[in-house]
Amino acid sequence: MTLNLTPIDIYFGVFDGQEYSFRLTEAEARAAVESSFRFREPDWSDPDNMYLGNHWAVDDDDRGWKIVKRSIPVLKYQGQFRGAQNEACHVSWQCPACDCWHDEDVEFDAEGPILGRCSWTRKHADGQAIWFLVFWTPGGGEDNLST
Ligand SMILES: [Zn+2]
């Protein structure tokens with residue numbers, strides 16, 4: 001299957017070379033890192049310590065959080081909005097490579113787009129994750145299946 005992909009810049013929250021979050025803007029990526037439960041001083045007295053630290057790396061050799069920008073090919077996708085005012089709302093989309101459905105909670109009046117990723121790489125022909133830039137009609141419009 002050939003997907004029509006468009007490269008966009010994606011900002012990753014990275015610690016020690018490991019990616020923990022991804023967002024569409026650098027500011028959102030920083031906010032995602034700082035609101036993560038991992039963004040705390042490690043507790044070495046706890047053998048199950050899950051905290052990585054609350055320090056931003058100043059240069060490349062520095063240990064700490066970094067925001068790394070990468071150009072990633074994404075599939076632009078018209079998602080389906082479900083929900084209503086003052087209810088839980090979400091946008092869903094289907095991976096065309098493996099038919100898996102994904103969804104993301106959104107606010108009723110959120111406009112998007114949002115970034116998504118299908119990581120069922122064993123089901124993808126090239127073994128790679130597929131990235132999505134998901135658009136939808138705010139509030140669902142006529143497509144809102146709950147009305
Ligand atoms: Zn998939």
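Strands here are DSSP runs of E at least two residues long, just as helices are runs of H or I of at least four, and both are numbered from the N terminus. With that in hand, Ser 21 is a handy place to start, as this residue sits in strand β2. Keep in mind that we're looking at a predicted model, where local features need pLDDT of at least 70, side-chain atom pairs count only at pLDDT 80 or more, and totals for chains, interfaces and linings use all residues. Residue numbers start from 1 along each chain as its sequence is written.

So is Ser 21 buried, exposed or partly exposed? A residue is buried with 20 or more other C-beta atoms within 10 Å of its own, exposed with 12 or fewer, and partly exposed in between, the C-beta atoms being placed from the backbone. Ser 21 counts as partly exposed because it has 18 C-beta neighbours inside 10 Å. Leaving aside neighbours within four places in sequence, Ser 21 is in contact (C-beta atoms, placed from the backbone, within 7 Å) with Phe 12, Gly 13, Ala 29, Ala 32, Val 33 and Ser 36. Cys 95, by contrast, is 74 residues away from Ser 21 in sequence and 20 Å away in space, C-alpha to C-alpha.

Now follow β2 into its sheet. This is an open sheet of five strands in the order β2-β1-β3-β8-β7, with mixed pairing; two strands pair if DSSP finds at least two bridges between them. β2 (18–23) and β7 (114–118) are at the edges with a single partner strand each, so one side of each has no neighbour in the sheet. On average, neighbouring strands of this sheet are turned by 45 degrees against each other, direction ignored; the axes are lines fitted to C-alpha atoms (for helices, over the stretch in contact), with angles from 0 to 180 degrees between N-to-C directions. At the β7 end, five bridges join β7 to β8 (residues 130–135) in antiparallel fashion, and Cys 118 has Ile 130 in β8 as its bridge partner.

There's another sheet to look at, also open, with three strands in the order β4-β5-β6 and antiparallel pairing. Its neighbouring strands are turned by 25 degrees against each other on average, direction ignored. β4 and β5 (residues 89–94) run antiparallel and are joined by three bridges, with Gln 80 opposite Ser 92 in β5. On to β6: six bridges pair β5 and β6, again antiparallel, and Val 91 stands opposite Glu 104 in β6. β5 and β6 make a hairpin with six residues between them, and Asp 99 in the turn has a positive phi of about 65 degrees.

Finally, step back to the domains. With bounds from an automatic or database domain assignment, the protein is divided into domain 1 (9–71) and domain 2 (79–143). Their centres, taken over C-alpha atoms, are separated by 25 Å.

Technical notes:
Two residues are in contact if their C-beta atoms, placed from the backbone, lie within 7 Å.
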